[in-house]
Amino acid sequence: MRRKVGDVRAEIIVAATRLFADRGFDGVTTRDICEAARVPMSGVYRHFQDKRALYRHCALAAYESASIAIWTGLGPEMPAAQVVWHYTLGLAELYFAHADVPKLILRTMIEQDTDLIRTLSDQLVFFRAKYIVTRLGEL
């Protein structure tokens with residue numbers, strides 16, 4: 001039975017995220033990803049230009065996933081203590097339920113992919129970190 005295109009792409013992303021989280025960018029080959037996702041090499045290149053594009057996609061998806069897990073339900077009307085509690089709980093749940101996500105996020109920082117870190121910082125991290133620091137200041 002043939003897999004749907006969306007399923008193949010999702011399986012590639014899941015396998016690549018796990019491998020990149022465990023071994024880092026340089027420790028993973030495209031062949032490793034193909035074997036883990038059970039797709040031919042052409043399957044990866046059908047969805048992603050190259051390994052770097054797949055890595056960037058996985059890292060951005062990890063940040064977005066983390067962001068959704070942590071920030072869903074937070075609102076400006078919430079007391080500061082509740083915001084901090086919700087944020088901390090979201091981080092803990094993310095780590096225990098999806099350990100590959102925080103591992104990959106840390107790997108992107110350790111490997112110093114400056115373009116990717118800048119993109120992540122500009123798009124996701126700066127404003128949210130600033131919000132948490134502001135709310136902590138209210139305690």
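Start with Gly90. Setting aside residues up to four places away in sequence, Gly90 touches Ala69 and Ile70. This is a predicted model, so keep that in mind throughout. Where does Gly90 sit? Its place is in helix 5. Is Gly90 buried or exposed? It counts as buried, because its relative accessibility is 4%, and the cut-off for buried is under 20%. Now look across to Trp71. Gly90 and Trp71 are 19 residues apart in sequence. Their C-alpha atoms are 7.7 Å apart in space.

Stay on Trp71. Trp71 belongs to helix 4. Its relative accessibility is 17%, so Trp71 counts as buried too. What does Trp71 contact, once neighbours within four places in sequence are left aside? The list is Tyr87, Arg128, Tyr131 and Ile132. Take Tyr87 from that list. Trp71 and Tyr87 are 16 residues apart along the chain, and 6.9 Å separates their C-alpha atoms.

That brings us to the helix pair itself. Two packed helices are described by the angle between their axes and by the distance between those axes. Here, helix 4 covers residues 51-71 and helix 5 covers residues 80-97. They pack at an angle of about 135 degrees. Their axes are 8 Å apart. Are they parallel, antiparallel, perpendicular or oblique? Angles over 145 degrees would count as roughly antiparallel, and 65 to 115 as roughly perpendicular. So helix 4 and helix 5 are oblique to each other. The crossing of helix 4 past helix 5 is right-handed.

Which residues make the contact? From helix 4, we have Ala66, Ala69, Ile70 and Trp71. From helix 5, we have His86, Tyr87, Gly90, Leu91 and Leu94. In the contact of helix 4 with helix 5, seven residues are nonpolar and two are polar. None is charged.

Next stop, Ala80. Ala80 is also in helix 5. With a relative accessibility of 8%, Ala80 counts as buried. What does Ala80 touch, beyond residues up to four places away? Arg135, Glu138 and Leu139. Ala80 and Gly137 are 57 residues apart in sequence, yet 8.5 Å apart in space, C-alpha to C-alpha.

Now over to helix 1. This helix runs over residues 5-23, and Thr17 is in it. Thr17 is buried, at a relative accessible area of 12%. Its contacts, not counting residues up to four places away, are Cys58, Asp100 and Leu104.

On to charges. Side chains of opposite charge can pair when their charged atoms come close. How many salt bridges turn up in a search of the whole structure? Two.

Take Arg38 and Glu11. They form a salt bridge, with the closest N and O atoms 3.7 Å apart. This pair links distant parts of the chain. Is Arg38 buried or exposed? Exposed, because its relative accessibility is 60% and the cut-off is over 50%. Glu11 counts as partly exposed, at 26%.

Arg38 has another feature. Most residues other than glycine have a negative phi. Phi of Arg38 is near 55 degrees, a positive value in a residue that is not glycine.

The other salt bridge joins Arg23 and Asp32. Their closest N and O atoms are 3.0 Å apart. Arg23 counts as partly exposed, at 41% relative accessibility.

Finally, step back to the whole chain. What is the secondary structure made of? Seven helices and zero strands. Read along the sequence, the pattern is α-α-α-α-α-α-α. The chain has 139 residues, and 37% of them count as buried. What about contacts along the chain? Consider contacts between residues at least 6 apart in sequence. Of these, 69% join residues at least 24 apart.

Conventions
Residues numbered from 1 in each chain as written. Predicted model: local features only at pLDDT ≥ 70, side-chain atom pairs only at ≥ 80, totals over all residues. Heavy atoms only, no water. Axes fitted to C-alpha atoms, helices over the stretch in contact; angles between N-to-C directions. Helix = DSSP H or I, 4+ residues; strand = E, 2+ residues; numbered from the N terminus. Parallel < 35°, antiparallel > 145°, perpendicular 65-115°, else oblique. Left-handed = near helix turned anticlockwise from the far one by under 90°. Contact = heavy atoms within 4.5 Å. Nonpolar A, V, L, I, M, F, W, Y, C, P; charged D, E, K, R; others polar. Buried < 20%, exposed > 50% of the residue type's maximum accessible area, 1.4 Å probe, protein only. Salt bridge = Lys/Arg side-chain N within 4 Å of Asp/Glu carboxyl O.
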